[in-house]
Amino acid sequence: MDSGDINAADGLRLLRTAYLAPSGTRHTGRRTATATEAQAPIRLEVYDYMADAVREAVETTKELRAGQEATAPPPAEAEDVYRWMVEETAHLDEERQKARDTLIYRQGLEHAILMGDHKVVRPHPCRRCHTYGLHWDRDNEVAACLNRRCADSHGEPTTWTLKEIARHYINRRTRAAVRAT
Ligand SMILES: [Zn+2]
């Protein structure tokens with residue numbers, strides 16, 4: 001695991017406990033509102049967001065299993081869906097396991113960004129110029145490379161979607177695992 005590793009289940013657990021908890025019970029350890037808190041998503045959005053994330057994980061598991069019935073029903077608690085997904089796809093070929101890991105990793109990035117943690121894109125190298133310095137562009141919902149030499153002839157930065165970042169990360173991790181054996 002390199003420094004870009006994040007845990008999607010932890011992200012969902014945090015969303016559930018910190019953002020879906022009844023109002024007034026959210027403890028941030030800070031008295032004053034910070035920029036992050038000011039942008040904190042409202043509960044209904046979080047609820048829909050989590051439902052969508054779980055639904056995508058469940059649907060993708062079914063697709064990866066190519067019509068084969070799952071051996072166990074999806075778990076009741078949202079953050080357990082990834083463990084279930086891994087268990088239900090552990091016997092599949094490497095390509096499908098990589099597709100699963102990419103989805104889990106991408107959702108982990110999405111969870112962090114929803115909670116205002118835009119730094120999660122920084123440990124990932126730009127695939128084009130191979131430097132570190134990705135910056136989350138909130139308006140366009142892409143990670144932009146801050147290396148000016150990497151920009152195009154109009155000065156527009158190279159950008160990556162979270163899906164691309166996740167795919168690059170899982171490919172790097174797979175190659176590192178192959179080298180280690
Ligand atoms: Zn770049």
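Which residue in β2 is the bridge partner of W136? The close-ups below take you there and then on to a pair of helices. This is a predicted model, in which local features need pLDDT of at least 70, side-chain atom pairs count only at pLDDT 80 or more, and totals for chains, interfaces and linings use all residues. Residues are numbered from 1 along each chain as its sequence is written.

**View 1. The hairpin of β1 and β2 has 4 residues between its strands.** Strand β1 (residues 134-137) pairs with strand β2 (residues 142-145) over 4 bridges, in the antiparallel sense. Here, strands (E, at least two residues) and helices (H or I, at least four) are DSSP runs numbered from the N terminus, and two strands pair if DSSP finds at least two bridges between them. The partner of W136 is A143. Look too for E141, which takes a positive phi near 55 degrees.

**View 2. Three strands form an open sheet in the order β1-β2-β3, with antiparallel pairing.** Because β1 and β3 (159-160) stand at the edges with a single partner strand each, one side of each has no neighbour in the sheet. β2 and β3 are joined by 2 bridges, and A143 stands opposite W160 in β3.

**View 3. Helix α1 (residues 8-19) packs with helix α5 (residues 94-114).** Their axes are 8 Å apart at an angle of about 35 degrees; axes are lines fitted to C-alpha atoms over the stretch in contact, and angles run from 0 to 180 degrees between N-to-C directions. A8, G11, L12 and L15 in α1 meet residues of α5 including I104, Y105 and H111, where contact means C-beta atoms, placed from the backbone, within 7 Å.

Note on methods. Contact = placed C-beta atoms within 7 Å.
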